[in-house]
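Here is a short briefing on a sheet and its packing. Please keep the sequence and structure in view.

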Amino acid sequence: MSNDHSALLSQQTLWADALRSIFAQVNPVDSALEPDGLAEPAQAPLDRGRFLDRSYSNQAGRRAYKLYVPSGYHDGQALPLLVMLHGCSQSPDDFAAGTRMNALAEEHTCLVAYPAQPSSAHFSKCWNWFSPDDQQRGEGEPSLIAGITREVMHDYSVDPHRVYVAGLSAGAAAAVIMGATYPDLYAAIGVHSGLAYEAASGSHSALTVMQHGGAAPLHLSGGGVPNEGESRPIIPTIVFHGDHDATVHPRNGDQVIAQSRGATNLQSKAERGQVPGGHAYSRTLHTDASGRPMLEQWVIHGSGHAWSGGSAMGSYTDPRGPDAAREMLRFFLEHPQLPLPRADA
């Protein structure tokens with residue numbers, strides 16, 4: 001066995017042991033999160049739509065994915081498309097159940113794609129957000145996620161100005177990568193319990209940043225984005241993070257906002273709220289000179305590493321709210337694509 005191969009196995013073992021230790025702090029489905037008097041929100045009749053099994057392949061490999069087609073879909077009517085990237089150990093079905101995004105898609109007549117990360121790509125089904133090969137446009141996992149997005153856009157009537165990507169944990173970090181490397185494809189991104197672009201460059205640094213956050217605000221390096229070197233427009237971004245998250249340090253949510261904001265002069269306004277019978281939260285809006293919110297950050301007080309306002313039917317959810325899925329979709333639909341150069345890579 002070569003020294004390089006032995007080192008790789010040792011690194012993978014360290015990563016696996018550390019992740020098991022971190023995830024041991026989180027109960028994937030905790031019914032105790034459902035307090036008395038806070039009932040599960042009513043769900044739309046999902047059987048009116050279709051939840052299809054599909055797959056996509058390119059030079060980087062193959063990924064299965066699920067596609068929710070709402071009952072209101074009619075060929076020729078251009079609909080918004082949301083790409084949802086699950087967290088570690090999850091699946092498209094689990095993520096859809098936990099976020100209830102299909103119910104919202106039925107309500108607002110949107111398409112939703114859920115790419116699946118197989119255990120063959122990562123032992124815990126995590127998106128490899130920390131791998132340099134998976135942080136570049138036209139390479140690795142970003143090319144697969146973009147390929148799935150474009151395949152749905154080709155096969156269904158999709159409004160190209162209303163295509164969005166969101167995720168949880170490792171999926172949120174992957175969503176940040178997609179926003180950084182494909183700003184011509186996605187109009188806005190949603191980041192729940194995620195990390196900034198290029199926050200890590202390997203498994204060791206990934207564990208460090210997950211546990212402690214980044215040391216300083218990061219700035220986008222380009223990632224193969226078209227017209228590199230020109231001024232980079234802000235990609236509208238909504239961030240959710242629990243301030244008791246012991247898996248991905250809450251500082252990482254601040255890093256996502258700081259990176260997205262860059263040197264742009266935005267005005268910030270903070271407000272506080274309380275979900276009846278649930279969590280308190282802080283919400284900060286960052287607006288441009290015209291008053292348009294470009295960045296939105298929610299800090300959920302008392303919440304851990306879990307999708308805020310999700311259903312206990314899925315893993316890693318906190319039903320005590322606020323409803324991250326509904327707020328993300330509201331933010332997305334308020335932000336159609338601004339004019340940007342498009343590319344084929």
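Two strands pair if DSSP finds at least two bridges between them. Strands (E, at least two residues) and helices (H or I, at least four) are DSSP runs, numbered from the N terminus. This is a predicted model: local features need pLDDT of at least 70, side-chain atom pairs count only at pLDDT 80 or more, and totals for chains, interfaces and linings use all residues. Residues are numbered from 1 along each chain as its sequence is written, and side-chain values use heavy atoms, with hydrogens and water left out.

**Sheet**
- Asn-58 stands opposite Gly-61 in S2.
- S1 pairs with strand S2 (residues 61-69) in the antiparallel sense, over 9 bridges.
- Helix H4 (residues 140-155) packs on the sheet and touches S1, S2, S3, S4 and S5. The direction of H4 makes about 125° with that of S1 (axes are lines fitted to C-alpha atoms, for helices over the stretch in contact; angles run from 0 to 180 degrees between N-to-C directions).
- The open sheet has 10 strands with mixed pairing, in the order S1-S2-S4-S3-S5-S6-S7-S10-S9-S8.
- Strands S1 (50-58) and S8 (267-274) stand at the edges with a single partner strand each, so one side of each lacks a neighbour in the sheet.

**Nonpolar cores**
- A nonpolar core is a set of buried Ala, Val, Leu, Ile, Met, Phe, Trp, Tyr and Cys residues joined through side-chain atoms within 4.5 Å. Buried means under 20% relative accessible area (1.4 Å probe, protein chains only).
- The largest core has 56 residues; Leu-81, Trp-129 and Tyr-186 touch the most other members.
- Helix H5 (residues 170-181) gives the most to this core, with 9 residues.
- Apart from it lies another core of 30 residues, among them Tyr-114 and Met-328.

Methods
Contact means heavy atoms within 4.5 Å. Buried means under 20% relative accessible area, exposed over 50%, partly exposed in between (1.4 Å probe, protein chains only).
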